[in-house]
Amino acid sequence: MKSPQWWGSSVHLAWSSQSLSLHGSAVRENHPMKTRVLRKTLDPAFDETFTFYGIPYTQIQELALHFTILSFDRFSRDDIIGEVLIPLSGIELSEGKMLMNREIIKRNVRKSSGRGELLISLCYQSTTNTLTVVVLKARHLPK
């Protein structure tokens, strides 16, 4: 078990699309963004906002949000706790803000294995073509 004063967790966020084209160039995947590391808790409350600009509503359905939850250790490489993949196809974002609670799954495994949950909020503003993702909190992360 990691020493309590040196461990923590963070969330990395990226979006991907097979055919999305922004600003005249084809985009396959963006640069990942990440939350700050919250230490000494298995139920971190991140409450951090990430905004993606210039995404037309007609192309939102082609996107998938990919969250990677990491266990931070000051003295070694970060370990992947698990991940959450949210395809935006079929999600109606035109109705305003939407809260989602998704189970964290182990990488390359289809079902959850007690890795915890991630709570996020999604909001799309059609007037500015912006998608706002808020990473609210994670809970029940493994030690």
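Visitor: Why is Ser121 called buried?
Guide: Ser121 has a relative accessible area of 3%, and buried means under 20%, exposed over 50% and partly exposed in between, with a 1.4 Å probe and protein chains only. Ser121 is therefore buried. This is a predicted model, in which local features need pLDDT of at least 70, side-chain atom pairs count only at pLDDT 80 or more, and totals for chains, interfaces and linings use all residues. Residues are numbered from 1 along each chain as its sequence is written, and side-chain values use heavy atoms, with hydrogens and water left out.

Visitor: Which residues is Ser121 in contact with, leaving aside neighbours within four places in sequence?
Guide: They are Lys97, Met98, Leu99, Thr132, Val133, Val134 and Leu136; contact means heavy atoms within 4.5 Å.

Visitor: What makes S10 and S11 a pair?
Guide: Two strands pair if DSSP finds at least two bridges between them. Strand S10 (residues 117-125) and strand S11 (residues 130-139) have nine, in the antiparallel sense. Strands are DSSP runs of E, at least two residues, numbered from the N terminus.

Visitor: Why is the pair of Tyr57 and Tyr124 called tilted?
Guide: Rings of Phe, Tyr and Trp (its six-membered ring) pair if their centres lie within 6.5 Å; planes under 30 degrees apart count as stacked, over 60 as edge-to-face and the rest as tilted. Here the centres are 5.3 Å apart and the planes at 50°, so the pair is tilted.

Visitor: Are Tyr57 and Tyr124 buried or partly exposed?
Guide: Tyr124, at 6% relative accessibility, counts as buried, whereas Tyr57, at 27%, is partly exposed.

Conventions: Helices (H or I, at least four residues) and strands (E, at least two) are DSSP runs, numbered from the N terminus.
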